[in-house]
Amino acid sequence: MTAEPAPTPPPDPTLGRRAAVASTYAVLQRIAVRSIGLVSTLVLVRLLTPQDFGVVGIASVVQTMLDWLTSTGFGLALIRMPAVERRHYDTAFTLTVARGVLIAGLLVAAAEPYAAFMDEPRVAPVMWFLAATAVVQSLDNIRLFDLQRSLRFDVLLRYHVLGKVLGFAAVLPLAFWLRSYWALVIAPSLARLILLPIGYWIVPYRPRLGLGAWRELFHFSKWIFLGNVVAVADAQSFNVIVGRLNGVAAVGVYQVAYQVGALPISELAAPIRQPAFAAFARVQHDRRALTDYLLAGLALQWLLIMPLSAGIALTAREITLLFLGDRWSMVIGLLPLVALFALFDGLRDYLGSLFLALNRQRIVVVRLAALTVLKVLAVFWAAGRFGLQGAAVAMLAAAVVTFLLWLAMTRRQLACAWRQIVAALWRPAAGAAAMAATVLVLPDGIGPLLGGPAAALATALALKAVLGALAYAVPVVTLWLIAGAPGRSAEAFVLRGLQAALRRVVRLRQ
């Protein structure tokens, strides 16, 4: 006789609430970090030039490529394990340090050949400095992943905000003093060096070198490595192609446009992926709970993030001229494309976290590789024929196609109906259409001249933001009420959150 398999344990009834709280802290962390980063960027664009940003962007391509190519996903493996032992931590730390040394050596070796290839000699010394940073980064406390396992994103909030504050405190005086791209290179490295011992204070751990658990870690991470190879081409091909065909200034313009256009994704969607992955891993054997968690997260992001991305696209002129200045006018036409690209690319990444939790990376890697080849060819052709703007159009088209494919793959994996997906997404889509129709009919000069061009731009931006928000919210709420105000919808979740926040405010004021 064969023993019957052990029954799947019931999901933790508090997991949904804990994951929601963790997601809130993760979002707050990212908002705080990126708000500091945005203020820093707005100051730096006044002190530095597009060429300065371009030099650092081109040099960082190699570091990012090596970082992704050698990434093994050990942190994800530790989060996904039901029980983690000392040997797992020591093995992950040892291999991480070895990887940092390897990246440093490759950066030093590739610096001068890559600078010659890009016809930009200033890139080589930047890459030498980045090599030293890679070694410092490899010494981070591996047990910080325990905070993600236990959904303690409140502690991670304080840790990462502190790191950004340190970087902000370093980059501004350096930029005023140096007035060159070196401020962008030195400041993050100083902040990371100061933050290193703080990580060991938050989660006590004395690392030891060892490889006792390498087989277990690599069993999960083998497809992570191959996926990272594809991800490098997917994410960094744009910078390399545009930098080679359209020049270093074009890369700098794109970098600044992306920092602004991707704010809703980088500040809201990206941080949600970490607690989402931890929650998916805990219910990976319960497909019904897994489907509920994934669709709830997707619907919530679509409800809150999509109108923000669309809003940036619709107010690109005012945002660019008001916050970046006239010399960044090339960003105006680029910003709508980048904002929508970031939206669909970020939502695709969220769906990808499901396949990581289920250890189904193989299907993702194979299909993403095929799509990446097509995207690289499209971007190369568009950049050569239509310049930076054409390349951005190609990136947006590829992101939309990839998101739709991932959505279909997710539906098959979870065996859920299309009507469930459509029910979660159609009301915000209708609201976004109404918002676009409202804002697009407003003239660019809608803001009255209250003291000069800056006041006119600020007034126009405020009017478009208010009218656009109303044009979005009214149809969404109306359609939700017509549908019977379903209690498990994203709209209901947001409403309950607002009611809870209001009650807290009332209690604080009493």
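Predicted model: local features only at pLDDT ≥ 70, side-chain atom pairs only at ≥ 80, totals over all residues.
**Notebook: aromatic pairs and a helix contact**

Residues are numbered from 1 along each chain as its sequence is written, and side-chain values use heavy atoms, without hydrogens and water.

**Ring pairs**

I counted the aromatic pairs: the structure holds eight. Rings of Phe, Tyr and Trp (its six-membered ring) pair if their centres lie within 6.5 Å; planes under 30 degrees apart are stacked, over 60 edge-to-face, the rest tilted.

Phe93 pairs with Tyr205 edge-to-face, at 6.5 Å between centres and 80° between planes. Phe93 sits in helix H4 (residues 86-117) and Tyr205 in the loop between H8 (182-202) and H9 (214-246), so this pair ties together parts 112 residues apart in sequence. Helices here are DSSP runs (H or I, at least four residues), numbered from the N terminus. Tyr205 is buried too, with a relative accessible area of 10%.

Next I checked Tyr258 and Phe341. Their ring centres are 6.5 Å apart and their planes at 55°, so I logged the pair as tilted. Tyr258 belongs to helix H10 (residues 248-261) and Phe341 to helix H14, 83 residues apart, so I noted a link between distant parts of the chain. Tyr258 is partly exposed at 31% relative accessible area, whereas Phe341 is buried at 7%. Ring pairs also join Phe238, Tyr254, Tyr258 and Phe341 into a cluster.

**Charges over rings**

I then looked for charges over rings (NZ of Lys or CZ of Arg within 6 Å of the ring centre and within 35 degrees of the ring normal). Arg143 has its charged end over the ring of Tyr89, 4.5 Å from the centre. Arg348 does likewise over Trp406, at 6.0 Å.

**H14 against H15**

Last, I took helix H14 (residues 331-357) and helix H15 (residues 361-414). They pack at about 25°, with axes 9 Å apart (axes are lines fitted to C-alpha atoms over the stretch in contact; angles run from 0 to 180 degrees between N-to-C directions). The two are therefore roughly parallel (under 35 degrees; over 145 is roughly antiparallel, 65 to 115 roughly perpendicular, the rest oblique). Contact residues divide into 25 nonpolar, seven polar and two charged (nonpolar is Ala, Val, Leu, Ile, Met, Phe, Trp, Tyr, Cys and Pro; charged is Asp, Glu, Lys and Arg; polar is the others, Gly among them).

Technical notes:
Buried < 20%, exposed > 50% of the residue type's maximum accessible area, 1.4 Å probe, protein only.
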